[in-house]
Amino acid sequence: KSSYRAKVDHRSWRDDGIPMNLSSSSKRLLPITVFMGVLVSFIFTSRGGFSTLTFGDSADYLESARSVFSNEGFYRGESTWPFFRPPGYPFSIAFLWELVGSESIAALKILNLFLHLFSTFLVFKLASIRFNPRISLIATSLHLFNPFALIPLNEVQTETITSFLFLSFISLIVARNTVFGVIALSFVSVFLIAVRPEYLIFLVITTFCILVFQSDRRKYFTKILILTISVILCLSWWGFQNKKATGDFILLTNAGSYFLWNGST
């Protein structure tokens, strides 16, 4: 137990997030691995085209993002309810478009590349807490070159941002308690649920496991309490907005209608 606690001692981390116990060979291999991952990700994305879309749900995400970007109602169509996704990812798209000043598909794919790299760093950081540097580099490589992580990079879909947000949640919940860390944890958790509501289940399972299996669970109690209150308040607000639009108090919707989209926004 004492050796394990030594491994998770956050004082063994530099300010840039790199473990201080990395060997010289690992320090050389890490930037090479990341560079190769960037190269492979860029080649993979460029082969499909930075402005080309083939994923079926992309049209729904883009259309709903345009309704946010232009501050207009979502287009219903003549006889169907075309939108059937929660609002977190469309709002992310619209926010990026506000930053770049145009409805750029290429900007979304470049964002995917950065999110994939950030996720890889989180994998490395989390693996380094429990395992030796060699195992951490193996885990990093497996994530960098995982085809199931690379395929979504070339599309407008939620898998890449979902992976980043969930890994951020894990990293923040096991980090030492700080005011900024607790605020960031609450924001990331709510954001993740707004992107993929079913991940509320994974968040609950993760926090439950921490409270059950961690011997020093007392230091997590305040953090988890604030997280729980934040999620309940935000989901309740979401539910009240849905009630205004539909007449029903709906906390989450992963497959709804035009009315649920208006309520969620």
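Predicted model: local features only at pLDDT ≥ 70, side-chain atom pairs only at ≥ 80, totals over all residues.

Residues are numbered from 1 along each chain as its sequence is written, and side-chain values use heavy atoms, with hydrogens and water left out.

**The chain as a whole**

- The protein chain has twelve helices and zero strands; helices (H or I, at least four residues) and strands (E, at least two) are DSSP runs, numbered from the N terminus.
- Of the 265 residues in the protein chain, 41% count as buried, where buried means under 20% relative accessible area, exposed means over 50%, and partly exposed lies in between (1.4 Å probe, protein chains only).
- The accessible surface of the protein chain comes to about 14600 Å², and 66% of it belongs to carbon and sulfur atoms; such areas come from the Shrake-Rupley method with a 1.4 Å probe, and for residues only the protein chains shown count as cover.
- Among contacts between residues at least 6 apart in sequence, 71% join residues at least 24 apart; contact means heavy atoms within 4.5 Å.

**Helices α3 and α4**

- Helix α3 (residues 58-69) packs with helix α4 (residues 88-100) at an angle of about 55°, and their axes are 8 Å apart. Axes are lines fitted to C-alpha atoms, for helices over the stretch in contact, and angles run from 0 to 180 degrees between N-to-C directions.
- The two helices α3 and α4 are therefore oblique to each other: angles under 35 degrees count as roughly parallel, over 145 as roughly antiparallel, 65 to 115 as roughly perpendicular, and the rest as oblique.
- The crossing of α3 and α4 is right-handed. A crossing is right-handed if the near helix is turned clockwise from the far one by less than a right angle, and left-handed if anticlockwise.
- Residues making the contact include Tyr61, Leu62 and Phe69 of α3 and Tyr89, Pro90 and Trp97 of α4.
- By class, the contact of α3 with α4 has eleven nonpolar, one polar and two charged residues. Ala, Val, Leu, Ile, Met, Phe, Trp, Tyr, Cys and Pro count as nonpolar, Asp, Glu, Lys and Arg as charged, and the others, Gly among them, as polar.
- Val68 sits in helix α3 and is partly exposed, with a relative accessible area of 23%. The C-alpha atoms of Val68 and Pro90 are separated by 7.8 Å, although the two are 22 residues apart along the chain.

**Helices α8 and α9**

- Helix α8 (residues 159-174) and helix α9 (residues 179-195) pack at an angle of about 150°, with axes 9 Å apart, and are therefore roughly antiparallel to each other.
- Here the crossing is left-handed.
- Among the residues that meet are Leu165, Phe169 and Leu172 in α8 and Leu185, Val188 and Leu192 in α9. The contact of α8 with α9 divides into twelve nonpolar, four polar and no charged residues.

**Two residues of helix α5**

- Asn112 lies in helix α5 (residues 105-130) and is buried, with a relative accessible area of 2%. Leaving aside neighbours within four places in sequence, Asn112 is in contact with Pro152, Leu153, Glu155 and Thr160.
- Val123 also has its place in helix α5 and is buried, at a relative accessible area of 16%. Not counting residues up to four places away in sequence, Val123 touches Ala139, Thr140, His143 and Leu167.
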